[in-house]
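Work through the exercises below with the structure in view. Try each task before reading its solution.

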Number of protein chains: 2
Amino acid sequence: MVEFHVDRGSGLPAYLQLGRQVREALRLGWLQPGDRLPTVRDVVATSGVNANTVLKAYRELELAGLVEARQGSGTFVTGSLGSAAPEDLDPLRAKLAAWVAEARSAGLEDEDIDALVREVLSGGAR
Amino acid sequence: MVEFHVDRGSGLPAYLQLGRQVREALRLGWLQPGDRLPTVRDVVATSGVNANTVLKAYRELELAGLVEARQGSGTFVTGSLGSAAPEDLDPLRAKLAAWVAEARSAGLEDEDIDALVREVLSGGAR
DNA sequence: TCTATTGTGCTAGTTCACTAGAACAATCTG
DNA sequence: CAGATTGTTCTAGTGAACTAGCACAATAGA
């Protein structure tokens, strides 16, 4: 089961945050086809956002073919994301964790790491 | 000089994107105290956002003590971010680039990498 | 069949990001 | 000094995100 946490004040609309968390969970293998997403009312209760906002997020995921809403029973994962096999992910995760540890011991804060990652991903232009 | 690029449709407000890019440039050493930010009118011309929006971004940076606006001459960097020395950054960047190359050759897309980084940074909690 | 649970639809209203356009004020440059 | 350049302020308006509250529809389970 996935637990949503919506950060108001992050600037990003709540419905986008929800959709993003689902996609992320799909990429990391936390969610797989057949799994059920939290109930709309559940999300309302835990995250404090409005039912319409949750519905908007779920509807976009459905349009993307990632989930399927079944009235009366819930919303279920039907599609998948992530272009790598979950087994291939583990060694990469381990190496990354080692790098992060090294970066942190060099004094980098998470924001520094974030900036560095974005720089490298974007081709390190400049 | 920093070049801004505002992505409408990303959901994130333009003024936040601008501020974020400045902070990122500060962390990566692209911007240093004394440097001048692009003119408000410059940003308007290149990014298409309204002058008030740019001003809002600059004003927040000024409130954070990172820049100083001097009427008639421009907006200048006064503070610094980034907790690591720029020299320490290079080896880390190289190692990260190697890891990214490996991840990509394993079939990971940038979004997968992003999700993995966020997972590791957040402690890998589930 | 009855009841709880789930997704869905609707209307009305508020807040905030953003636009548009104009004018003013301080500083630099020649 | 004169003109260009810069940041700054103001008003008015639009649209999207979000809230609030309620009613309805379909499914699951006792």
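To compare copies, they are superposed by least squares on the C-alpha atoms of residues with pLDDT of at least 70 in both. The model used here is predicted.

**Exercise 1.** Find how chain B is laid on chain A, and state which residue of chain B comes closest to the rotation axis.

Solution. 

**Exercise 2.** Describe the side of chain B that touches chain A.

Solution. 
Step 1. Contact is made by 35 residues of chain B with 36 residues of chain A.
Step 2. In chain B, the elements that give two or more residues to this side are α1 (14-28), α4 (86-105) and α5 (110-121).
Step 3. By class, this side of chain B has 20 nonpolar, four polar and 11 charged residues.

**Exercise 3.** Describe the surface near DNA strand D.

Solution. 
Step 1. There are 25 residues around DNA strand D, and those that come nearest are Pro13(A), Asn50(A), Gly72(A), Val40(B) and Ala69(B).
Step 2. Two or more residues each come from α1 (14-28) and α3 (51-63) of chain A, and from α2 (40-47), α3 (51-63) and β2 (74-77) of chain B.
Step 3. The largest share, four residues, is given by α3(B).
Step 4. Sorted by class, the surface has 10 nonpolar, 13 polar and two charged residues.

Methods
Residues numbered from 1 in each chain as written. Chains lettered and ligands numbered in written order. Predicted model: local features only at pLDDT ≥ 70, side-chain atom pairs only at ≥ 80, totals over all residues. Contact = placed C-beta atoms within 7 Å. Nonpolar A, V, L, I, M, F, W, Y, C, P; charged D, E, K, R; others polar. Near = placed C-beta within 6 Å.
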